[in-house]
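Take a look at the model below.

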Amino acid sequence: MPPDHGTTEAAPPPLGRLDSLDRTLSRRAAVDWPHPRWFTVPLGGLSLSANYGVLWYVLCLVPLLSGAEDPLLKALYVAVPVTLVEMTGFVIKHFVGRARPPVADPTQAEQIPLPLSKSFPSSHASMAVVGTFTLGALSPQWIPALVALTLVLCFSRVYLGVHYLGDVLGGLFYGLVWGAAWVLLVPAPV
């Protein structure tokens, strides 16, 4: 008979450990890091401006406002995949059903109003990547600013506590698939 070393708990399954790490890291950013008002208010405003793709729909109007050729076609080149990635993302959210951090952990205060949708994947992240791909295909000189905007939006979602880090990473991956497929299969209007 083997020696008894006391009771041991079974190790959590790998996805359980990953989920625990995701929640811990996300809570650090959303709760433990300083949240000065001078930083969180404008960051929250930017984050909220991207709800339901509004920021990307405004940005897709830049060709129209700048007098570019075929501005409607260029606006649709951005707006259609942004809308599609958001709509299909909502279907995924419905099936995954992951609660947002302040809902799953009521001790975590809401920094900004929570969307009604579930948490995984982050629509902000996926739309930002698709917006970067499509607007970047139309105006390559904008790519550095678009990448910076995407990174700030992704950071804001975890820092402001409306998503877990895993939700944002999932949204980034989902957006990469959509954005790459769109620019490879649909030629950018010139």
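Predicted model: local features only at pLDDT ≥ 70, side-chain atom pairs only at ≥ 80, totals over all residues.

Residues are numbered from 1 along each chain as its sequence is written, and side-chain values use heavy atoms, with hydrogens and water left out.

Start with the overall layout. The protein chain has nine helices and zero strands. Helices here are DSSP runs of H or I with at least four residues, strands are runs of E with at least two, and numbering starts at the N terminus. Along the principal axes, the C-alpha atoms fill a box of roughly 80 × 40 × 30 Å. Of the 190 residues, 41% are buried. Buried means under 20% relative accessible area, exposed means over 50%, and partly exposed lies in between, with a 1.4 Å probe and protein chains only. The chain exposes about 10,600 Å², and carbon and sulfur atoms supply 73% of that area. Accessible areas come from the Shrake-Rupley method with a 1.4 Å probe; for residues, only the protein chains shown count as cover.

A contact means heavy atoms within 4.5 Å.

Now the interior. In soluble globular proteins, nonpolar side chains tend to be buried together. Here the largest nonpolar core has 21 residues. Such a core is a set of buried Ala, Val, Leu, Ile, Met, Phe, Trp, Tyr and Cys residues joined through side-chain atoms within 4.5 Å. Leu55, Trp56, Val78, Val82, Val85 and Leu153 have the most contacts inside this core. At least two core residues come from each of α3 (54-59), α5 (71-96), α7 (123-138), α8 (143-159) and α9 (165-185). The largest share, six residues, belongs to α5. Apart from this core lies another, of six residues, including Leu114, Tyr159, Leu160 and Val162.

Which residues does Leu153 touch, leaving aside its neighbours within four places in sequence? Leu153 is in contact with Leu46, Ser47, Ala50, Leu55, Trp56 and Ala128.

Next come the open spaces. On a 1 Å grid over the protein atoms alone, a pocket is an open set of points with protein on both sides within 12 Å along at least five of seven lines, a cavity is a set where a 1.4 Å probe fits but cannot get out, and lining residues have an atom within 4 Å of a point. Points are joined across faces, edges and corners, and a volume is the space filled by probe spheres set on them.

The largest pocket holds about 200 Å³ of space. Twelve residues line it, and Leu18, Asp19, Asp22, Arg98 and Gly166 are the closest to its centre. The elements giving two or more residues to this lining are α1 (14-32) and α9. The largest share, six residues, comes from α1. By class, the lining has seven nonpolar, one polar and four charged residues. Ala, Val, Leu, Ile, Met, Phe, Trp, Tyr, Cys and Pro count as nonpolar, Asp, Glu, Lys and Arg as charged, and the others, Gly among them, as polar.

The second largest pocket holds about 170 Å³. Its lining draws two or more residues from each of α1, α8 and α9. Ten of its lining residues are nonpolar, one is polar and one is charged. Among them are Trp33, Cys154, Phe155 and Leu172.

Finish with the backbone. Most residues other than glycine have a negative phi, and most peptide bonds are trans. A cis peptide bond joins Phe120 and Pro121, with omega about -5 degrees. Pro121 sits in the loop between α6 (101-104) and α7. Tyr52 has a positive phi, near 55 degrees. Its place is the loop between α2 (37-49) and α3. Asp70 also has a positive phi, about 50 degrees, and lies in the loop between α4 (62-65) and α5. Tyr52 counts as partly exposed because its relative accessibility is 47%. Asp70 is partly exposed too, at 44%.
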